[in-house]
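Visitor: I would like to learn how to read a structure like this one. Where do we start?

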Amino acid sequence: MPVYVYEAKDLEKGCPKCSKGFETVQSIKDEHLTKCPACGAEIYRVLQPSWLGFSKTDLHYRAKRAGFHSMKRIAKGEYEKMY
Ligand SMILES: [Zn+2]
């Protein structure tokens, strides 16, 4: 079963669960979540299932985990911090 990562669209409104992003295991046939199961805030899928391989969203998620809030692609393989 693939693992998906979801995060609140508006981090200000998210609860401790979705404002940090959370992982959930879903069947490929399941509908994607649109609301946080804990607080009901709107969420979006951040990370593709790992079995699809390395993706841009994966990069984005890794960057966020490393402390960047939002990143802009400036060149191939290079990212810069946005405020
Ligand atoms: Zn939440």
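**Reading the fold and the metal site**

Guide: Start with the secondary structure: the chain comes to one helix and five strands. This is a predicted model. In sequence order the pattern is β-β-β-α-β-β.

Visitor: How do strand 1 and strand 2 run, parallel or antiparallel?

Guide: Strand pairing is read from bridges. Here strand 1 and strand 2 run antiparallel and are joined by four bridges. Tyrosine 4 has threonine 24 of strand 2 opposite it.

Visitor: Which residues of strand 2 are on the covered face, and which on the uncovered one?

Guide: Phe22 and Thr24 make up the covered face, while Glu23 and Val25 are on the uncovered one. For the chain as a whole, 31% of the 83 residues count as buried.

Visitor: Which residues coordinate the zinc ion?

Guide: The SG atoms of Cys15, Cys18, Cys36 and Cys39 coordinate the zinc ion at 2.3 to 2.4 Å. The angles among the four donor atoms are 107 to 115°, and the site is tetrahedral. Along the chain, the donors follow the spacing C-x2-C-x17-C-x2-C.

Visitor: Why does the pair of cysteine 15 and cysteine 36 tie together parts that are apart in sequence?

Guide: Cysteine 15 sits in the loop between strand 1 (3-8) and strand 2 (22-25), and cysteine 36 in the loop between strand 2 and strand 3 (43-47), so the pair links parts 21 residues apart in sequence.

Visitor: Is cysteine 15 buried or exposed?

Guide: Cysteine 15 is buried, as is cysteine 36.

Terms used: Residues numbered from 1 in each chain as written. Predicted model: local features only at pLDDT ≥ 70, side-chain atom pairs only at ≥ 80, totals over all residues. Heavy atoms only, no water. Donors = N, O, S within 2.8 Å, 3.2 Å for Na, K, Ca; no water. Tetrahedral: all angles 85-135°; square planar, octahedral: opposite > 155°, others 65-115°. Helix = DSSP H or I, 4+ residues; strand = E, 2+ residues; numbered from the N terminus. Buried < 20%, exposed > 50% of the residue type's maximum accessible area, 1.4 Å probe, protein only. Pairing = 2+ DSSP bridges.
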